[in-house]
Amino acid sequence: MAPEFSLSVQFASDAGELPSRAQVRRWVAAALEHPAEVTVRIVDADEAQALNQDYRDKGYVPNVLTFEYGEIGHDESGQGVLGGDVVICAPVVEREAREQGKPLQAHYAHMTIHGVLHLQGYDHLDPADADIMESREIAILKRFHLPNPYSS
């Protein structure tokens with residue numbers, strides 16, 4: 001059972017085939033291991049690039065950005081509640097799905113789950129951490145009958 005969480009889904013993109021709020025909620029729930037307050041914002045390239053430049057000092061348009069706020073409070077049982085934002089760039093996700101021959105909604109699922117795992121401290125900077133994070137992503141996606149995004 002997923003931990004308690006609150007979710008705000010924001011659509012700030014005019015892309016055509018965006019996931020539904022219900023899909024995003026299911027993907028977030030599947031990836032969460034801790035109580036959390038999460039915002040998932042789907043944006044166009046200009047906003048994604050501006051955020052990446054302003055907060056990471058990187059000039060490219062990313063597929064997903066995660067802003068981790070750490071523990072922002074406690075639930076009724078005293079367990080820490082994590083806070084964070086996951087920003088997904090619709091045009092990049094569409095392009096990557098097309099280039100990689102993946103169904104668009106499967107790639108949105110992967111980017112959402114990837115971002116939510118980052119929010120909880122998962123990372124992929126070194127190979128051992130990448131293996132852990134990717135294994136977690138593959139297992140979560142499998143629950144939705146979605147293929148391993150790392151196999152060619």
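1. Leu-65 stands opposite Val-87 in β4. Strands here are DSSP runs (E, at least two residues), and helices are runs of H or I with at least four residues, numbered from the N terminus. The model is predicted: local features need pLDDT of at least 70, side-chain atom pairs count only at pLDDT 80 or more, and totals for chains, interfaces and linings use all residues. Residues are numbered from 1 along each chain as its sequence is written, and side-chain values use heavy atoms, leaving out hydrogens and water.

2. Nine bridges join β3 to strand β4 (residues 80-89). The two strands run antiparallel. Strands pair if DSSP finds at least two bridges between them.

3. Now the sheet. Four strands form an open sheet with mixed pairing, in the order β1-β2-β4-β3. The edge strands are β1 (5-12) and β3, and each pairs on one side only. Neighbouring strands are turned by 10 degrees against each other on average, direction ignored.

4. Helix α1 (residues 21-31) packs on the sheet and touches β1 and β2 (36-43). Its direction makes about 135 degrees with that of β1. Helix α3 (residues 90-100) also packs on the sheet, touching β2 and β4. The direction of α3 makes about 70 degrees with that of β4. Contact means heavy atoms within 4.5 Å. Axes are lines fitted to C-alpha atoms, for helices over the stretch in contact; angles run from 0 to 180 degrees between N-to-C directions.

5. How do α1 and α4 pack? Their angle is about 45 degrees, and their axes are 9 Å apart. The helices are therefore oblique to each other (under 35 degrees is roughly parallel, over 145 roughly antiparallel, 65 to 115 roughly perpendicular, the rest oblique). Residues of α1 that meet α4 include Val-24, Trp-27 and Val-28.

6. Look at Thr-112 in helix α4 (residues 104-119). Is Thr-112 buried or exposed? At 1% relative accessibility, Thr-112 counts as buried (buried is under 20% relative accessible area, exposed over 50%, partly exposed in between; 1.4 Å probe, protein chains only). Thr-112 touches Val-24, Trp-27, Val-28 and Ile-88, not counting residues up to four places away in sequence.

7. The structure holds one aromatic pair. Tyr-55 and Phe-67 form it edge-to-face, at 5.3 Å centre to centre with 75 degrees between the planes. Rings of Phe, Tyr and Trp (its six-membered ring) pair if their centres lie within 6.5 Å; planes under 30 degrees apart are stacked, over 60 edge-to-face, the rest tilted. Tyr-55 is exposed at 58%, whereas Phe-67 is buried at 16%.
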